[in-house]
Amino acid sequence: METYTDVLLVTANVGSLFDNTIQNYKPQFIALHFQEVGGKDYMANMGYAENFFWSIESSEEMKGYDRVCIYVDNHFQAEDSFTALGSMYFIHKSLENIHQYDFNDKDFKAVSGHNKHVGSLDGVTTVEKEKFPKNFWPDFKWSRKGFMRTRWIIHNQGLDLVNVHLFHDASNLIACNSSPSIYSANRKNALRYVINRISDSRFTPLPFFVFGDFNFRLDALSLVQHLSISADVQTVKKDSSNEVEKIICEEKDNDHQVLLHIEEKLFAYLHQAVFREDNGRALLKYDKEVGAFHDVVGEEEISFPPSYPYSEENTKPTQYMNTRCPAWCDRILMSHAAQEFIHRRDDDEKTVIYNTVGPNICMGDHKPVFLFFSLKTNEH
């Protein structure tokens, strides 16, 4: 007999609101994956972050969820292992048949009650956490990046849920140097590392969903060439060295209006609406980073605007900041085996929803991205 479990996966910043997403879809299983717990100034803000997690857990929307598993890596004193990742899982009282894996005992156990793990997570056996090794890229300043995995059986379907945070672009100028950029190559190595780790022989490989902030960026070199095709491009160098300080693209006529101005942390494009019109569809061809993984992962069709970098002003919820080129950083990817148990109806009714949370609400610089679907399982 086929059974269906409604599942909601969300990748989010701490501080995001969940608007009406939970009420709209009424999922039986919710997975929330947070990155940058505590934000940039995590030493000062970690207390606020913890309060935020408890406020979600005790909120009115979560009243019907009688089992909760929370994992927050907030142990910033442990520099070699701190990832600032947080994962929350909510199980509705209507979902009876669910088990979670113990990586130590190598066995699945029934989930009951509220299980909260906050700290280094070192002795917690129901989660596997790893910071990317320091020797990965010795040329780069190290940061809080890594992954966190939990493993579940819903009815009789096993799956891994992996929270991930990959490396960002440190400089817009360096990102424009090559195609693909050096940063893109770093992310590719890191994601391949994650997929290899969750698929290795230590545990039986299972279908997986990997979701979080991949920091995927548009291919800057080819995009800038496209945006400045009818412009005069000037490269301004620092006096003391040959290093590029800014790239300025001026329109050839129209009083030489500046079309595009790029510096290390500035990406100011005159016609910003192109990133929002038709959900930025015209720019998806420059979203190339996930293409390197089509052998092992798939993704639902993107029909929402770039998820980053939104203005953090309450009055500008749909505006992008001009610090970085807008991009689809926040994603939900799945193994090909996982794609097979997503239930798709034969009629036209859309049963799989891949979208942003709060498109018209200020959510911080990242808009949370969610995937809602029915998990198809066979009960014997």
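A salt bridge is taken here as a side-chain nitrogen of Lys or Arg within 4 Å of a carboxyl oxygen of Asp or Glu, and in this predicted model the structure holds 26 such salt bridges. One of them joins E128 to R202, whose closest N and O atoms are 2.6 Å apart. This pair links distant parts of the chain, since E128 belongs to strand β8 (residues 128-131) whereas R202 lies in the loop between α4 (182-199) and β11 (208-213), 74 residues apart. E128 is buried, its relative accessible area being 11%, while R202, at 29% relative accessibility, counts as partly exposed. Both residues also belong to a network of salt bridges in which E128, E130, R149, R151, D160, R197, D200 and R202 are linked.

In the pair of D287 and R331, the closest N and O atoms are 2.8 Å apart. Because D287 is placed in the loop between β15 (266-269) and β16 (297-298) and R331 in strand β17 (residues 330-335), this pair ties together parts that are 44 residues apart in sequence. D287 is buried, with a relative accessible area of 12%, and R331 is buried as well, with a relative accessible area of 0%. In the salt bridge between D278 and R281, the closest N and O atoms are 3.2 Å apart; here D278 is exposed, with a relative accessible area of 51%, and R281 counts as partly exposed at 39% relative accessibility.

The loop between β16 and β17 contains S307, which counts as buried because its relative accessibility is 0%. When its neighbours within four places in sequence are left aside, S307 is in contact with A327, W328, C329, D330, D365, H366, K367 and V369.

Helix α4 has 18 residues, which at 1.5 Å a residue should span 26 Å, and this agrees with the 26 Å that separate its end C-alpha atoms. Buried residues in α4 are Y183, S184, N186, R187, A190, L191, Y193, V194, I195 and I198.

Strands β12, β13, β14 and β15 form, in that order, an open sheet of four strands with antiparallel pairing. From one strand to the next, the twist averages 10°. Within this sheet, strand β13 (residues 244-251) pairs with strand β14 (residues 258-263) in the antiparallel sense over four bridges, and C249 stands opposite L260 in β14.

Aromatic side chains contribute 24 pairs in the structure. The pair formed by Y101 and F108 is tilted, with 4.8 Å from centre to centre and 55° between the planes. Y101 counts as buried at 7% relative accessibility, whereas F108, at 24%, counts as partly exposed. Y101 also pairs with F203, and because the ring planes stand at 90°, with the centres 6.0 Å apart, this pair is edge-to-face. Since Y101 lies in strand β5 (residues 98-102) and F203 in the loop between α4 and β11, the pair ties together parts that are 102 residues apart in sequence. Both Y101 and F203 are buried. Elsewhere, F29, Y71, Y89 and W152 form one aromatic cluster.

Technical notes:
Residues are numbered from 1 along each chain as its sequence is written. This is a predicted model: local features need pLDDT of at least 70, side-chain atom pairs count only at pLDDT 80 or more; totals for chains, interfaces and linings use all residues. Side-chain values use heavy atoms; hydrogens and water are left out. Helices (H or I, at least four residues) and strands (E, at least two) are DSSP runs, numbered from the N terminus. Buried means under 20% relative accessible area, exposed over 50%, partly exposed in between (1.4 Å probe, protein chains only). Contact means heavy atoms within 4.5 Å. The expected span of a helix is 1.5 Å times one less than its number of residues. Two strands pair if DSSP finds at least two bridges between them. Axes are lines fitted to C-alpha atoms, for helices over the stretch in contact, and angles run from 0 to 180 degrees between N-to-C directions. Rings of Phe, Tyr and Trp (its six-membered ring) pair if their centres lie within 6.5 Å; planes under 30 degrees apart count as stacked, over 60 as edge-to-face and the rest as tilted.
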